[in-house]
Amino acid sequence: MSSRFEYIAAAILDSASGLSNGLSCPRDDVHAFLLENWKIQAEAEEISNAIRLLNMCGISYIEDDEFAGSFITISKRRFDRFIDRVEDDRRRYDDIVTSAPDENMGINRAEAETYRYLELYNKYAVLRKYHAFGSEWLRQAILNLPTIPNESDPSGLVIKIPSDSKEIAEIREYASELKRRIRTGNDLGDITAEQASALSVEIEQLEHALSGDYVRSSELASRSKKTLEWVSEKAAGTFVGEAAKLLLKLILSFLGIQS
């Protein structure tokens, strides 16, 4: 069964597709936009999950500015490019299968590869249906959308971690540096030696969570905030405090959550 946030993502996409230059609006205005244009009363976490899905697919991106805040940009052109990438993944899968000496060997070889866009397309049925049936189907579906969110959906959102993700590589690099500074640094603000020892373990756990194939977004966000916000507060004004703030921002950005 599809989650509400998938329909919310499709609604944002459909609105952008109807504009010649796509849609670019403040992240904080998305709630009012959905209510006004789609009569959807969306929760903050549903919107974050919807934007996260669009970002994962390369259909949208978030631009942060210290004065203007966070803007989401999305367009039909980016959705068309996502569909092209899905087809490229599908062709690559088929080529591997057909080029093998026998079908079973070909399937085994193909299954060993990663098909990021095809996997996203297959996983999120609403995007597939929207691609096949368009705006009229989506509007009919949203008319029947439950008004009360399924509380288990947002907390259960599982995100695939691409092995070649530059975002993940950057997060790991910053986490490793923060951990090293906490273990060896003298300028830790109000953080004691005992607390520093415990913190290095907590940061290792965050690194470990991002070393697998999948992560549950709400759980990682909660742990990251609990640890890194505490560090930034206790070590305010130090390199460690600022590094903790930056690492938290990178993690939440990867998860599609506004920091």
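**View 1. Helix α1 packing against helix α3 in the predicted model.** Helix α1 (residues 4-17) meets helix α3 (residues 44-56) at an angle of about 65°, and the axes sit 8 Å apart. The crossing of α1 past α3 is right-handed. On the α1 side, the contact uses R4, F5, E6, I8, A9, I12 and L13, while α3 brings in E46, N49, A50, L53 and L54. Sort the residues of this α1 and α3 contact by type and you get eight nonpolar, one polar and three charged.

**View 2. R52, a buried arginine in helix α3.** Zoom in on R52, a residue of helix α3. R52 counts as buried because its relative accessible area is 4%, and the cut-off for buried is under 20%. Leaving aside residues up to four places away in sequence, R52 touches I159, S253, F254, L255 and G256.

**View 3. The largest nonpolar core and F82.** This core holds 79 residues, and L34, F82 and L178 are the ones with the most contacts inside it. Helix α12 (residues 239-255) supplies the largest share of the core, 10 residues. Now for F82 itself: skipping residues up to four places away in sequence, F82 touches C57, I59, Y117, L120, Y121 and L127.

**View 4. Residues 148-154, a stretch with pLDDT below 50.** Across the chain, pLDDT averages 86, and 94% of the residues score at least 70. Residues 148-154 fall below 50, though the stretch still has 11 contacts in the model beyond near neighbours in sequence.

Terms used. Residues are numbered from 1 along each chain as its sequence is written. This is a predicted model: local features need pLDDT of at least 70, side-chain atom pairs count only at pLDDT 80 or more; totals for chains, interfaces and linings use all residues. Side-chain values use heavy atoms; hydrogens and water are left out. A nonpolar core is a set of buried Ala, Val, Leu, Ile, Met, Phe, Trp, Tyr and Cys residues joined through side-chain atoms within 4.5 Å. Buried means under 20% relative accessible area, exposed over 50%, partly exposed in between (1.4 Å probe, protein chains only). Helices (H or I, at least four residues) and strands (E, at least two) are DSSP runs, numbered from the N terminus. Contact means heavy atoms within 4.5 Å. Axes are lines fitted to C-alpha atoms, for helices over the stretch in contact, and angles run from 0 to 180 degrees between N-to-C directions. A crossing is left-handed if the near helix is turned anticlockwise from the far one by less than a right angle, and right-handed if clockwise. Ala, Val, Leu, Ile, Met, Phe, Trp, Tyr, Cys and Pro count as nonpolar, Asp, Glu, Lys and Arg as charged, and the others, Gly among them, as polar. pLDDT is the predictor's confidence in each residue, from 0 to 100.
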